[in-house]
Each structure stands twice: as structure tokens, then as C-alpha cells.
Amino acid sequence: MTAKITLLPGDGIGNEIIEGAVKVTKAVAEKFDMTLQFEERLIGGCSYDKYGKPLTEDTLQTCYDSDAVLLGAVGGYKWEALPHHLKPEAALLDLRKKLELFINIRPSKIFPAFVNDSSLKKEVLEGTDFIVLRELTGGIYFGEPRGYDKDKGWNTMSYTRPEVERIARKAFELAKNRSRKVTSVDKANVLEVSQFWREIVSEVHKDYPDIELSNMYVDNAAMQIVRNPRQFDVILTSNMFGDILSDIGGMITGSLGMLPSASLGEKYALYEPVHGSAPDIAGQNKANPIAAISSAAMMFDISFQMTKAAELIDAAIERTLKQGKRTVDIHSEGCELVSTQQMTDAILTNFEEIYNEQALGVFTL
Ligand code: IPM
Ligand code: MN
């Protein structure tokens, strides 16, 4: 099998963490007899600095021509004062829209080795395994009219029927292979658009009678995720609510530095960490590469149907954490503080070991 992967490291810690993901991706390809072609392009602030715009036609075309896109992060203090359409974040939003990536999957699954390192109690965390399914190309992020003048600022939160139907359908489909529970999160007590969302989700649910559907207001959902995260399986929600809830979900795993994501449409797929570009630690070999490496695992699983490769990567991460290795964002007393590169190398070593062990039958996934 041959696959074309576009690398968009972006800004801040992007380069360092994508480097880690690429190393792991190459190691997997070697074991699974896969030929990979990488193309690297600029996106975000670095693209603005070089070309005067955060997303160029060339970068976009390279993404269109690839089987999967692996993105680091965009943004940084340097570009904060730019007008909206030139900000690094605008590039990411534009890319999501142009590749029609309406599905965003953000898993919140606790690594067992990490259960004592979160800011939440072990009893609360243990066994947590849910996904935030975020609608990614609609809602208030893209609604018109939008703008601001000196007296007023305004945005529009709107959804069309097909937009809600397709993401709702995806939620029920995903739930089929999980614990068969969908919680649709909205603010239907206040917003008409949420009432509409709720009605469409219920209609789509009629096609999935064996999946349990419940509705929850977003403020309550934010509370419930930290109170009892085990109650959730698939959280289905709109663009902005999903942005917020997936960060909360991220803290369950201990650090945003651990959280991968997949953004999918009918034709294209993009994988990226949930976290940002962390300009404060950029270039210092301190960033946690796990979110980027797990994003690569999601790529193998979803884009290349290589579930076993994905499981091997996850097992390598788990073993590395169990060995007590921690980057600065997840470091606690008694653990070994490691750099981005050391974390990557440890995951690679464990990947090789686990691969050999399961070939010999001494390790089962
Ligand atoms: C995310 C980020 C983006 C978003 C930003 C960088 C545009 O926060 O992927 O969660 O708000 O969607
Ligand atoms: Mn976010």
C-alpha cells in the first residue's frame, strides 16, 4: 500500500511534535510494508510571514492531493494583532471548510498508567472512555452575518437541516461500535438554533432504535464531564460547544498535550492535536509529542484501516507512560522528566519491542 501524507507542522511547537509523529509513522510503515510519500507545506503564521497569507493555494492543493493530512498547530503572540482573515487560526478554519471536514472526533480516554496524574481523582477517572463528536464546518464559527464596528460586535449561530442530519447520523454510527449511547449537547432552553438541532437529532435517531439518545444542556454537560465522565459514550455537539467541551475532556486525560483528533469529511481527512501552538515553550524540546503521535495512530486506524498499527502505537505510549517518563506538562513527583525527543524515542523503542513481543506471541493487543 502507498499513501500520500501532507505534513503541516504550522507554528510554535508544531515542528517538534510533528517530527515525533513522522518518526513513529515511518516506523509503522516499515513494519506493515507500506510506502509513504510525505509533502511538507506551511500553514498559519509561518505561511503569513513568508507569503503574506496564512493558507496558500499550493498548501491547499497539496492537501487535496493527499490521502491524509497531519497538522501540528497554528497561532502565536506574534500574529495576534492581525485582522481576522489573516490570523493563523483563519487558515485552519479555511482548511476545514475547503476540505469539507464536518466531522471532528476527539477521544477522551484515560491511559491507565496516567490515572494518578490528572487533576481529577482516580475514582472519578477510571474507565473513562468517551468521544466528543464536534460539528466542524458550521455553527457560529462560520455563520453570517458577522463583524464588528466601534459600537457593536456580532456573530450568527445557524445550522441547516442537512448539516445537523449528517453529523447526527455519524454520531449514531459511531455509537454502534461503542457503548451505544449518544448524548446530544445543546442550549435548547435559550437558543432557537439549539431547539432546531435537538429536533433534527431526534428525527435521525428514529433510524437507530437500538442506540440510546439523551439531550443535555451545555452548561450541565461541562459540569457532568468533570463530575462523572464515565456516564458518556458519544457526545454529539455543535462547533463551538464542541470546542469547549473537548478541552474539558482533554483535562481528564491529564493534559491537552495528550489529546489527538481526527477531522473527517466525505473525501479528506486531517489529524491534529487538540492543543495549540504553545509559543511559550516552542523550540525548547519541551512539548509533549503524545497528542501528535496519537493523532498519527488515528490516521492509521481511520484513513488506512490499519487498526492493529494504531493499537500498537497506543500500547507503546501506554508502556512509555508506565515507565514513568513525563514531559513537563504532565510531570509529577517521582517521575522522570523527559524532553520531546526523549519521549518520542522512548515511544519508538517501546513500539519496536511490543511489535516483536506480539510477533512472538508474548504480548497481545
Ligand atoms: C481547536 C482550536 C481551533 C478551534 C482554533 C485554533 C481555530 O481551538 O481546534 O479546538 O477553535 O477550532
Ligand atoms: Mn479548541
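How many Å separate the centres of domain 1 and domain 2, taken over C-alpha atoms? I find 24 Å between them.

I noted first that this is a predicted model, in which local features need pLDDT of at least 70 and side-chain atom pairs count only at pLDDT 80 or more, while totals for chains, interfaces and linings use all residues. Residues are numbered from 1 along each chain as its sequence is written, chains are lettered from A and ligands numbered from 1 in the order in which they are written, and side-chain values use heavy atoms, with hydrogens and water left out.

Domains. I looked up the assignment, which is an automatic or database one, and it gives domain 1 as 1-106 + 256-365 and domain 2 as 119-252.

Interface. I find 14 residues of domain 1 in contact (heavy atoms within 4.5 Å) with 19 residues of domain 2. The buried area, that is the accessible area (1.4 Å probe) lost on putting the two parts together, summed over both, is about 1,600 Å², and carbon and sulfur atoms give 65% of it. On the side of domain 1 that touches domain 2, helix H4 (88-98) and strand E4 (103-109), both DSSP runs (H or I, at least four residues, for helices; E, at least two, for strands), each give two or more residues, and E4 has the largest share with four residues.

Aromatic pairs. I count seven, taking ring centres of Phe, Tyr and Trp (its six-membered ring) within 6.5 Å. The rings of Tyr-64 and Tyr-268 have centres 5.4 Å apart and planes at 55°, so I record the pair as tilted (under 30 degrees is stacked, over 60 edge-to-face, the rest tilted). Because Tyr-64 lies in helix H3 (residues 57-64) and Tyr-268 in the loop between strand E11 (262-264) and strand E12 (269-271), the pair ties together parts 204 residues apart in sequence.
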